[in-house]
Amino acid sequence: MQTYISPWPADAKLPEVPRSVSILGSTGSIGTSTLKVIEQHPDLFKVSALAGARNAGLLAEQAIRHRPQYLAVLNDDAAAELKSLLPADYKPEILTGPAAYITLSELEEVSLVLSSIVGAAGFEPTLAAANKGKMIALANKESLVLGGHIIREACHRTGATILPVDSEHNALFQGLAGHDGKDVSRLILTASGGPFRGRSKEFLGTVTREQALAHPNWDMGAKISIDSATLMNKGLEFIEACHLYGLPPEQIDVVVHPQSIIHSLVEYVDGSQLAHLGVPDMQIPIAFCMCFPKRVPLALKQLNLAEVGTLTFEKPDLEVFPCLKHAADSFAAGQSHPIVLNAANEVAVDLFLKEKIKFLDIPAIIGRALDAHAGCDVTEAEAVLELDIKTRRDVMESIV
């Protein structure tokens with residue numbers, strides 16, 4: 001195993017408590033779970049900034065409860081609504097637009113940035129936090145899919161520390177802690193299999209939006225739920241694991257585990273496999289990152305293996321769910337290909353959610369976009385963003 005994407009946290013200079021926190025994506029499932037963790041341990045945190053896209057109502061509730069100095073939304077209409085919902089005695093600075101998220105990542109008084117924006121929109125704010133040397137609790141996997149090589153360089157240059165919030169990568173992080181990376185044989189990512197595990201390609205041709213959104217184990221937003229149904233979510237996590245832990249694709253495997261109790265495993269050269277087990281609740285990995293290196297109690301139902309009864313495992317069906325193979329192939333093809341993969345996927349998922357394409361069109365659109373891409377230089381952030389925009393435009397033009 002090569003170096004961790006940032007200075008290994010045990011060796012890093014971590015911020016003292018209480019930690020001043022900026023939460024990017026506070027109204028999403030990760031953001032709301034993060035605030036639950038903070039509310040259980042208010043002595044460890046100060047909420048300095050919240051960003052909530054277009055959900056002004058929920059953002060106002062969160063802001064009134066935590067009174068951060070800064071708030072951010074995506075447009076002026078949401079800003080006006082937000083301002084109207086705040087009490088007269090509370091006047092935070094309200095920022096708008098994508099640049100607002102970058103500002104909240106760079107605030108001098110903020111020591112910890114939770115990056116939980118969905119999709120490629122998270123890349124620039126995450127990079128901005130890395131450039132400022134922040135501690136980053138990373139839930140936005142697309143940041144590394146698009147520019148893991150760029151973020152790695154920024155972290156090593158500034159001393160920024162990334163802690164992985166995704167339950168799978170958090171499990172790997174815990175399984176790797178205290179061990180020599182040279183002794184790692186494999187990383188094994190677990191996947192629930194989504195709502196269509198075991199179904200045929202013929203069945204997937206009939207899938208509706210509502211069926212695809214109904215994840216059996218996790219409470220997630222719409223985009224991530226669709227990614228889970230296609231197994232693209234696991235594909236993005238595969239790429240993220242390669243970047244985080246510096247292992248080549250051939251040393252990372254995926255196994256379908258429908259119960260979502262084992263969140264991932266690390267295999268060592270002696271054949272030992274260290275697994276992380278827990279109930280499927282994101283408060284666990286969030287708290288581990290936010291409070292690192294301290295572990296804190298959480299108001300959650302404890303895992304009872306006798307009640308669970310059986311844990312099962314199977315290989316993913318790459319013929320029925322080709323998105324996972326698309327992701328692995330894109331990483332092997334070069335640094336620019338995962339950008340195309342992600343952009344094509346985001347466009348296709350959005351079209352499916354709007355009921356403009358069918359479920360099986362998602363992997364087909366991604367495959368065509370990858371086939372059409374010859375590769376290009378993406379060593380700079382600007383090139384990453386340009387390719388992302390170009391791919392989205394090309395995909396839309398190919399469908400119309």
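Let's start with Cys155, which is buried, at a relative accessible area of 0%. Buried here means under 20% relative accessible area, exposed means over 50%, and partly exposed is in between, using a 1.4 Å probe and protein chains only. One thing to keep in mind: this is a predicted model, where local features need pLDDT of at least 70, side-chain atom pairs count only at pLDDT 80 or more, and totals for chains, interfaces and linings use all residues. Residues are numbered from 1 along each chain as its sequence is written, and side-chain values use heavy atoms, with hydrogens and water left out.

Back to our cysteine. How many disulfides does the structure hold? The count is 0, where a disulfide is a pair of cysteine sulfur atoms within 2.5 Å. For Cys155, the closest cysteine sulfur belongs to Cys289 and sits 14 Å away, too far for a bond. Cys323 is buried too, with a relative accessible area of 0%. Its closest cysteine sulfur is in Cys242, at 17 Å, again too far for a bond.

Now please find Tyr245, in helix H11, residues 232-245. Helices are DSSP runs of H or I, at least four residues, numbered from the N terminus. Tyr245 counts as buried, at 1% relative accessibility. Which residue lies 241 residues from Tyr245 along the chain, with the C-alpha atoms separated by 4.9 Å? That is Tyr4.

Last stop: Glu124, in helix H5, residues 123-131. Glu124 is partly exposed, at a relative accessible area of 38%. Thanks, everyone!

Notes. Helix = DSSP H or I, 4+ residues; strand = E, 2+ residues; numbered from the N terminus.
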